[in-house]
Structures are given as structure tokens and as C-alpha cells.
Amino acid sequence: MFSAFFLPAESGNRFCIYHPSVDGDSGRGVVYAHPFCEEMNKARRMAALQSRRLAAAGYSVLQIDLFGCGDSSGDFADARWEIWKQDLRLALGWLKPRVAGPLGLWGLRLGATLAADVARDSGLDVDQLVLWQPVSNGGQFLTQFLRLRLAAEMLADGAAQTGVHKLRETLRRGLALEIAGYYLHPRLAAEIDALDLSNMVPAVKRIHCLEVNAAAEPKLSPASERAMVAWRSRGLDIRTAAVRGEPFWSTIEIAECEALLAATDGSLKGAY
């Protein structure tokens with residue numbers, strides 16, 4: 001059984017869902033970092049399914065809505081990368097006394113990149129990192145997000161009134177942009193733009209990097225592969241897997257990917 005509650009933070013409260021391990025407080029702990037904007041809502045079902053499976057396998061899982069997201073306090077327009085990092089630290093601090101085993105971080109898309117960034121802090125004692133479809137290049141991710149604004153303009157007016165370059169220039173002038181119902185602050189945009197997964201070397205024992213694509217023989221994306229190669233060169237123990245399925249974080253209808261759930265279970269079971 002899971003429970004929902006609000007976790008007090010410096011700026012308001014963070015909405016959390018807690019899935020306790022079937023082993024009680026004798027198991028390991030995992031904090032989940034959700035993806036960006038609407039991807040968060042599309043991925044809620046997969047996050048819930050994986051959380052239940054992890055709980056059944058002996059992991060206590062804490063899902064947290066980051067500042068300005070979901071049911072947590074704050075406006076998205078006021079969100080910043082460092083605030084989100086602090087939210088994950090807060091979640092780890094809440095979970096740590098409730099489990100006997102080590103802690104892990106698990107994230108999807110930009111949430112995976114956020115988790116990797118937080119895991120660089122050796123003082124948090126994060127034992128392992130689970131990355132689902134991590135964003136490797138923040139600049140490319142930001143460009144893709146800005147294109148949602150152009151797509152909306154084309155639907156409304158028959159043609160885009162701006163371009164990515166102009167939108168980026170607007171952000172550089174310090175002006176926020178409304179994109180797909182979210183107000184993106186120029187500072188958060190700059191923080192995302194500068195992200196490079198290869199340079200975020202986590203201070204963990206093991207990393208599980210798993211991706212989904214529609215290819216007949218799925219492979220890790222070239223960007224993720226480059227990041228994992230860079231991390232391996234630093235001596236990190238990395239397990240990777242690619243499975244066939246739909247990009248459930250961006251599909252029109254809510255979708256599931258059983259292959260990803262199974263691959264995650266298998267990777268974690270073989271870790272220790």
C-alpha cells in the first residue's frame with residue numbers, strides 16, 4: 001500500500017507518494033525524479049507501476065513532485081535547477097532514516113539528468129543510480145521544448161510567427177516564455193541549456209541506464225552511449241539496456257512499456 005503526504009520544504013510543501021518496501025524498514029530506498037512539464041503527467045502511470053514493483057522487490061520508493069510541478073507548492077515560472085536539486089536532497093533526507101539499506105536515485109528524461117547531477121555529491125551516500133532515457137544534451141532538449149511553441153503557432157495561425165533563434169533571443173533578454181501552458185523563466189532555460197550528462201560524474205557504486213525505442217533491435221542512443229563511455233572511463237560500474245516500446249512520456253494516450261519495467265527489475269536484481 002502507498003501513502004500520499006506533503007513534505008515541508010523551505011518554500012512551501014512538496015507532494016510525495018511513498019511506496020514502502022514489503023520488507024519493511026529492512027530494505028533499500030529509492031527516490032524518483034519525474035520528467036519535465038507535460039512529460040511528468042504522461043509518465044505517472046509508468047512511475048507508479050515501477051514503484052510498486054520496486055516495493056515488492058524490497059525497495060522503499062519515494063516519489064516527489066518538484067517545486068512548481070504537480071501538486072507541490074510554487075509556480076513553475078519560479079522553478080530553478082538548484083531548487084529541484086534541493087528537493088531531491090530533501091527527499092533523500094526524509095527516506096534515509098526509514099530504511100536500513102543504502103539509497104538510490106531513479107529518474108526519467110530530464111529527471112534522470114537531475115538525479116545524476118544530485119548524485120555527484122558523495123556526502124549524500126547515494127549507492128546507485130537508475131536512469132530512464134536520460135537527457136544527455138540540455139541544449140538540444142531546450143530546442144525541442146521551444147519547438148512546441150512554434151508548433152502551437154502553426155496550429156493557431158497556419159504558420160510559425162517566430163523561430164527557435166528568436167525564442168532563444170527572448171530568453172537571453174531576460175523574458176519568460178509561455179510554452180505549452182508553462183511559463184519558462186530565462187534562468188531555468190539557461191540552466192537546462194548548459195547541461196551535459198557526460199560531465200556529471202556521479203559518486204555512486206553502480207549505474208543502470210535504460211532506454212526505449214521503436215527499433216527492431218533497440219540500442220542505447222548515441223548521446224547516452226557517449227555519456228556512459230565517458231563515465232566508464234572514470235571507473236564507474238555501468239549496466240545498460242535498450243528495449244522496444246513507445247515513448248510513453250510523450251504519447252498522446254497514456255502508454256505502458258512492460259519491457260522497460262522488466263529490464264529495470266532484471267538490472268537491479270543482478271546488481272548485488
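Which residue in β5 does Y32 stand opposite? Y32 stands opposite W106 in β5. This is a predicted model, in which local features need pLDDT of at least 70, side-chain atom pairs count only at pLDDT 80 or more, and totals for chains, interfaces and linings use all residues. Residues are numbered from 1 along each chain as its sequence is written, and side-chain values use heavy atoms, with hydrogens and water left out. Helices (H or I, at least four residues) and strands (E, at least two) are DSSP runs, numbered from the N terminus.

**The sheet**

- Eight strands make up an open sheet with mixed pairing, in the order β1-β2-β4-β3-β5-β6-β9-β10; two strands pair if DSSP finds at least two bridges between them.
- β1 (3-8) and β10 (237-244) are the edge strands, each pairing on one side only.
- On average, neighbouring strands of this sheet are turned by 20 degrees against each other, direction ignored. Axes here are lines fitted to C-alpha atoms, for helices over the stretch in contact, and angles run from 0 to 180 degrees between N-to-C directions.
- In a regular strand, side chains alternate between the two faces of the sheet.

**Strand β3 and the strands around it**

- Strand β3 covers residues 28-33, and five of its six residues are buried, so β3 is largely enclosed by the rest of the structure. Buried means under 20% relative accessible area, exposed over 50%, and partly exposed in between (1.4 Å probe, protein chains only).
- β3 runs parallel to strand β4 (residues 59-64), to which six bridges join it.
- V31 has L62 in β4 as its bridge partner.
- β3 also runs parallel to strand β5 (residues 103-108), here with five bridges.
- Strand β2 (residues 13-19) pairs with β4 in the antiparallel sense, over four bridges.
- Y18 stands opposite L62 in β4.

**Helices on the sheet**

- α2 packs on the sheet and touches β2, β3, β4, β5 and β6 (126-132), its direction making about 155 degrees with that of β4. Contact means heavy atoms within 4.5 Å.
- Helix α8 (residues 222-232) lies across β6, β9 (206-213) and β10, and runs at about 165 degrees to β10.

- S51 is found in helix α2, which spans residues 44-56.
- S51 is buried, its relative accessible area being 0%.
- Leaving aside residues up to four places away in sequence, S51 touches H19, V61, Q63 and W106.
- α2 packs with helix α9 (residues 258-269) at an angle of about 35 degrees, the two axes lying 11 Å apart.
- The crossing of α2 and α9 is right-handed. A crossing is left-handed if the near helix is turned anticlockwise from the far one by less than a right angle, and right-handed if clockwise.
- From α2, residues M46, L49, Q50, R53 and L54 meet E258, L260, L261, A262, T264, D265 and L268 in α9.
- By class, the contact of α2 with α9 has seven nonpolar, two polar and three charged residues. Ala, Val, Leu, Ile, Met, Phe, Trp, Tyr, Cys and Pro count as nonpolar, Asp, Glu, Lys and Arg as charged, and the others, Gly among them, as polar.

**Helix α4**

- Nine of the nine residues of α4 are buried, so α4 is largely enclosed by the rest of the structure.
- The buried residues of α4 are L110, G111, A112, T113, L114, A115, A116, D117 and V118.

**Cysteines**

- A disulfide is a pair of cysteine sulfur atoms within 2.5 Å, and by this rule the count comes to zero disulfides.
- C16 has its closest cysteine sulfur in C69, 13 Å from its own sulfur, which is too far for a bond.
- C16 counts as buried, at 0% relative accessibility.
- For C209, the closest cysteine sulfur is in C257 at 14 Å, again too far for a bond.
- C209 counts as buried, at 0% relative accessibility.

- C37 is not a glycine, yet has a positive phi of about 50 degrees.
- C37 is placed in the loop between β3 and α1 (38-42), and at 7% relative accessibility it counts as buried.
- D125, also a residue other than glycine, has a positive phi near 55 degrees.
- D125 is placed in the loop between α4 (110-118) and β6, and is partly exposed at a relative accessible area of 47%.
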